[in-house]
Each structure stands twice: as structure tokens, then as C-alpha cells.
Amino acid sequence: MALITGASSGIGAAVAARFAAEGSWRLLLNGRDEDRLGRVAARCDATPLPCDLGDPAGCGQLADAALDASGGVDVVVLGAGIGWAGPFTTMPPAAIDEVLAVDLAAVVHLTRRLLPHIVRRNRGHLLFVGSIAGAVGVREEAVYSAAKAAVAAFAESLRYELAGTRVRVSVVVPGAVNTPFFARRGAPYQRSRPRPIAASRVADAVWEAVAHERSEVFVPGWLQLPARFQGLAPALFRRLATRFA
């Protein structure tokens, strides 16, 4: 049984289709838009569990519904996310709260509700959909970058806590992806690089991470180079990024 959040469109919908293509998975799909989620669930022969993860009560509702529907979730793909682009000094406080609620708080709270059940069964896989923005920081996406960086640190901390168990933790780190994400955040994607990739490529990376227990996957793979460079030489990376971004 796999639970996939953010499955009403974009990466989440592509992940649902990828798991459904394997033919051996029962799927629980979460999203905010009931109509879109219902259509994705119908295509994937999945159970829709609509709720808004930006609402603190939504995480509890989803966790309870998932456990009631399955009795136990083997794989949790935490793919729900929203963005906001523009100078931080102009970001409305409500937008700050919403990005942090969906991209970070919901991830933590939903994991807290589901992980004890997974640990008791001593098998399962948590997969977090991160972002290159969380690895290197991105101009005019400060809060989104911060949330995704926190998710990566959260995942790393869980790996230490779960060492010695059969519970695995993965992070898939995509660059720009060709989804409605940019339209919904209110600002189109305008950078010349990296060029947006298809959501199906991220879905393939999610499947590979689960199937082969890979802890971290960058999509496309070359994105690990700037991430590693930033970690090794942050001052130089910052100068180059400021000049060429």
C-alpha cells in the first residue's frame, strides 16, 4: 500500500501513474482539488483521500483515513507542495504561513502520525520530494527554499533514528519541472537553466529510489554537481550564482 500526497496534478499525479503501472500496488491518493484528484484516482484504480494539508487538522484526517483504508501503509510519498516567487520583502505574511504549512509543517506532522505504525511493522519507506532550491538556495524563493532545505535535514535526521530498522528514507531532488506549480504560484518560470523536465522523469526517480532503496536522487542527475559544489565552496558558489543566475 502506498500513500501519495499532492496527487491531484503535477509530480504527485505522475508518481501515482508510475506506481499504478507496476500493477502490484494499492494506492491512496491525496490532494486538495477533489475533482482533479478523483480523475487521477480513477485512472490509477486508486482510493482518493481529499483534504487540505495546509490546514493543521488535515494531516490528522489524512493519516486516520489512510490507516483506516489500509490497516498499514508501506510507502509514503510526500509530494504535496506550493510555491511563491518574488522579493522576500514583498511576500505577504499569509503566503509565508501557507508555504511553510504545506511544504514543511504538513510533512513533519503527517510523518509523525504515520511513522509509529510503520516502525511497529518494521518495514516501509518514506520518500520526500525536495527541490534543488533547498540544496543551494534560490533568489526570490527564500521561504520555499528554506522549507525544502528543512525537509532534507528532517529526512537526514530520521535516517539516523531509523538506523537498524527496515524502514528506509529517501529524498528526490528535482530541478524545475514542467507542471502547473509555476502558474499556481503566480509567477512563470523564467530562468534559462536548468530547463524544466517532465514530471514523469521525477516519478521514475521516485520509483527507483523506493525500488532500490536509494537515499538521495537528483533529477536530472547533473544537479548534484552544483549542490556538492555549494557545500564544498559556498563563498565561491555564491559569487558565481550571483553573477550568472
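Buried residues make up 49% of the 245 residues in the protein chain. Buried means under 20% relative accessible area, exposed means over 50%, and partly exposed lies in between (1.4 Å probe, protein chains only). This is a predicted model, in which local features need pLDDT of at least 70, side-chain atom pairs count only at pLDDT 80 or more, and totals for chains, interfaces and linings use all residues. Residues are numbered from 1 along each chain as its sequence is written, and side-chain values use heavy atoms, with hydrogens and water left out.

**Stop 1: the whole chain**

The protein chain has 10 helices and 7 strands. Both are DSSP runs, numbered from the N terminus: helices are H or I with at least four residues, strands are E with at least two. The radius of gyration is 17 Å, close to the 18 Å from the globule rule for 245 residues, so the chain is as compact as a globular protein of that length. (That radius is taken over C-alpha atoms; the rule is 2.2 Å times the number of residues to the power 0.38.) Along the principal axes, the C-alpha atoms fill a box of roughly 50 × 40 × 30 Å.

The protein chain exposes about 12100 Å², and carbon and sulfur atoms supply 53% of it. Areas come from the Shrake-Rupley method with a 1.4 Å probe; for residues, only the protein chains shown count as cover.

**Stop 2**

In what order do the 7 strands of the open sheet lie? The order is 3-2-1-4-5-6-7, with parallel pairing. Strand 3 (47-48) and strand 7 are the edge strands, each pairing on one side only. Two strands pair if DSSP finds at least two bridges between them. Strands of a sheet pair through backbone hydrogen bonds, either parallel or antiparallel.

Strand 2 (residues 27-29) runs parallel to strand 3, joined by 2 bridges. Select Leu29: its bridge partner in strand 3 is Pro48.

Next, select residues 167-174, which are strand 6. Here 7 of 8 residues are buried. Strand 5 (residues 124-129) pairs with strand 6 in the parallel sense over 6 bridges. Leu126 stands opposite Val169 in strand 6. Strand 7 (residues 216-219) also runs parallel to strand 6, with 4 bridges joining them. Pick Val173 and find its bridge partner in strand 7, Phe218.

**Stop 2: a helix against the sheet**

Select Val151, in helix 6 (residues 142-161). Is Val151 buried or exposed? It is buried, with a relative accessible area of 2%. Val151 touches Asp103, Leu104, Val107 and Phe128, not counting residues up to four places away in sequence. Contact means heavy atoms within 4.5 Å. Draw a distance to Val171: the C-alpha atoms of Val151 and Val171 are separated by 8.7 Å, although the two are 20 residues apart along the chain.

Leaving aside neighbours within four places in sequence, Leu158 is in contact with Thr111, Leu115, Leu126, Phe128 and Val169.

**Stop 3: the cores**

In soluble globular proteins, nonpolar side chains tend to be buried together. A nonpolar core is a set of buried Ala, Val, Leu, Ile, Met, Phe, Trp, Tyr and Cys residues joined through side-chain atoms within 4.5 Å. Select Leu3, Val76, Leu126, Phe128 and Leu158: they have the most contacts inside the largest core, which has 38 residues. Several elements each supply at least two residues, including helix 3 (56-70), strand 4 (75-78) and helix 5 (132-136). Helix 4 gives the most, with 6 residues. A second, separate core of 33 residues includes Ala14, Val177, Val202 and Trp207.

**Stop 4: the rings**

How many aromatic pairs does the structure hold? There are 6. Rings of Phe, Tyr and Trp (its six-membered ring) pair if their centres lie within 6.5 Å; planes under 30 degrees apart are stacked, over 60 edge-to-face, and the rest tilted. Select Phe19 and Trp25, an edge-to-face pair at 5.2 Å centre to centre, with 75° between the planes. Phe19 is buried at 0% relative accessible area, whereas Trp25 is partly exposed at 24%.
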